[in-house]
Amino acid sequence: MARQVPPPPLVSVVMAVYDGAAFVAEAIASVLAQTHRHLELIVVDDGSTDDTVAVVRSHAARDPRIRLLCRPHQGHAQTLNAGIAAAQGSFIARIDHDDLWHPQRLERQLNWMERHGIDICGAWARRFGAASGTIRFARGHEAIRYETLFTCPILDSATLFRGAVLRDNPYPPDAIVRQELVQCVRLLPHYRFANLPRVLCDYRFHDRQKTGRFRPLIAYRHAQLCQQHFARMFPDATVAEQATFAAITGAGSAPLDRSGIEAAVRLFTDRLCPPDREARLRMRRRWRYLWAKGIRNEDRDIEVYQRVFRAFRQRA
């Protein structure tokens, strides 16, 4: 009698790890504790020099859903791509080795994606460790599109992708930092995004994170990607508008002077005041932040401030 081949899992979970022995066991446990059980966990080790491989192997020996791939050290993007290439699921979820999932994460996101026709579904996240608080990402696609002008609107560890999205769009090998934002800028014109408005992931902050070790490079690359996204969203933007946007998003940008604020007023009223209600509210918060950061106290002119708010209120 021929041996039956089990069907492929619905969800493939990809974890890229380098020297993550201190946290990887907790991350694995949070994946295996999902209420959605029809999954595989592909852990791709990027040439770790600590006990990461031994820790993962001990878990794999107890749960056949875990697969360990070991590779020479090549960097985070290529390690992720190796896991994506090995994934069998119709959906692919990402988790970093130091983050944790809530038990119903996959179940809730799968239901949300099917109900709303979403290609890429994130969720809210809770910081823990060296930071605290909840990250409430934009919910709808249009709000996410506008938020990407200023910040990364998803967290990879809280995001579920339709498998074809990542198989057709692997991470660029040269994406050393800000891989999430790189993917957002690339994928937003072609796929439907959403964030489920519920905390489904715990996002760990600690002193070994890349965000601390590569802070100047991250800030530079972040500004570069935001400006690239602006150019794609507004291909008819003038040179002056592009320069103004670069001034308010540039890495280490200084507070704007009077002429800079006037140019920012025009940019927000002409370009950054979308009809979509959630997107408009998000841009209004951005304007408040820019105002607080960008005008010297002696130069405050409430009329300049209110001009943008009138545009937000008048937009249908």
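The legends below describe close-up views of a predicted model. Local features are reported only where pLDDT is at least 70, and side-chain atom pairs only at pLDDT 80 or more, whereas totals for chains, interfaces and linings use all residues. Residues are numbered from 1 along each chain as its sequence is written, and side-chain values use heavy atoms, with hydrogens and water left out.

**View 1. Strands β2 and β3 run parallel and are joined by 6 bridges.** Strand β2 comprises residues 39-46 and strand β3 residues 66-71. Helices (H or I, at least four residues) and strands (E, at least two) are DSSP runs, numbered from the N terminus; two strands pair if DSSP finds at least two bridges between them. Asp-46 has Arg-71 of β3 as its bridge partner. Together with helix α2 (residues 52-60), β2 and β3 make a right-handed β-α-β unit. Right-handed here means that, with the strands pointing away from the viewer, the path from the first strand over the helix to the second runs clockwise.

**View 2. Asp-19 has a positive phi.** The angle is near 50 degrees, in a residue other than glycine. Most residues other than glycine have a negative phi. Asp-19 is found in the loop between β1 (11-17) and α1 (24-32). With a relative accessible area of 16%, Asp-19 counts as buried (buried means under 20% relative accessible area, exposed over 50%, partly exposed in between; 1.4 Å probe, protein chains only).

**View 3. Arg-65 and Asp-63 form a salt bridge.** The closest N and O atoms of this pair are 3.0 Å apart, and both residues are buried. A salt bridge is a side-chain nitrogen of Lys or Arg within 4 Å of a carboxyl oxygen of Asp or Glu. The structure holds 13 salt bridges.

**View 4. Asp-202 forms a salt bridge with Arg-126.** Their closest N and O atoms lie 3.1 Å apart. The pair links distant parts of the chain, 76 residues apart: Asp-202 belongs to strand β9 (residues 193-205) and Arg-126 to strand β6 (residues 120-129). Asp-202 is buried at 12% relative accessible area, whereas Arg-126 is partly exposed at 38%.

**View 5. Arg-286 forms a salt bridge with Glu-147.** The closest N and O atoms are 3.2 Å apart. This pair also links distant parts of the chain, with Arg-286 in helix α12 (residues 277-294) and Glu-147 in helix α5 (residues 141-147), 139 residues apart. Arg-286 is partly exposed, at 24% relative accessibility, while Glu-147 is buried, at 6%.

**View 6. Arg-94, Asp-96 and Asp-156 are linked in a network of salt bridges.**
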